[in-house]
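Student: I am new to this structure. Please show me how to read it.

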Amino acid sequence: MPSSSRSKSLAMLFILGAFLAGGAVGFAAERAVSKPAIPAYDAQQELARELALNDAQRRHVDSVWAWRRARSREIMATVRPALDSVRDSARVLMMNSFDSTQTAAFRRLIERNQRYADSVARARGGKR
């Protein structure tokens, strides 16, 4: 296989991988920020109810859930820069194939999505 053809194939594979990873992250983010159509399932309450936990057990289980949430946030804080880097690289690779009109429209789309993400983060009391 000629070198330029292999480079193009690798670039396309990278773009496809970045696109799929971005889609998965986007899907997860959408699920995290959108209101469900049905009442939210509260695993903590369900566990306490199903197991008929007493007050001491419930306090213990609640503290474990809080620990889990905090640890999950710590893990995401370490992973987020890598995910952001992949997203940014994918955007650059995509823009390489756009004309100037498409590039401008793509940048507006990115800005609109960022404003939405910032709005959601502020509504949740977080920082963005």
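Tutor: Start with a helix. Helices (H or I, at least four residues) and strands (E, at least two) are DSSP runs, numbered from the N terminus. The expected span of a helix is 1.5 Å times one less than its number of residues. Helix α4 (residues 100-123) has 24 residues, so it should span 34 Å; its end C-alpha atoms lie 35 Å apart, which agrees.

Student: What kind of model is this?

Tutor: The model is predicted: local features need pLDDT of at least 70, side-chain atom pairs count only at pLDDT 80 or more, and totals for chains, interfaces and linings use all residues. Residues are numbered from 1 along each chain as its sequence is written, and side-chain values use heavy atoms, with hydrogens and water left out.

Student: Where is confidence lowest, and where is it highest?

Tutor: pLDDT is the predictor's confidence in each residue, from 0 to 100. Helix α1 (residues 3-33) is lowest, at a mean of 73. Helix α3 (residues 55-95) is highest, at 93. The protein averages 83.

Student: Which residues of α4 are buried?

Tutor: Buried means under 20% relative accessible area, with a 1.4 Å probe and protein chains only. In α4 these are T103, F106, I110, V120 and A121. Of the protein's 128 residues, 9% count as buried.

Student: What is found at the start of α4, and what follows α4?

Tutor: At the start, a side-chain oxygen of D99 comes within 3.1 Å of the backbone nitrogen of T101. G125 follows α4, with a positive phi near 80°.

Student: How many helices and strands are there?

Tutor: The protein has 4 helices and 0 strands. Its pattern along the sequence is α-α-α-α.

Methods. Buried < 20%, exposed > 50% of the residue type's maximum accessible area, 1.4 Å probe, protein only. Polar contact = N/O pair within 3.5 Å; in protein donor to acceptor, adjacent residues only side chain to side chain.
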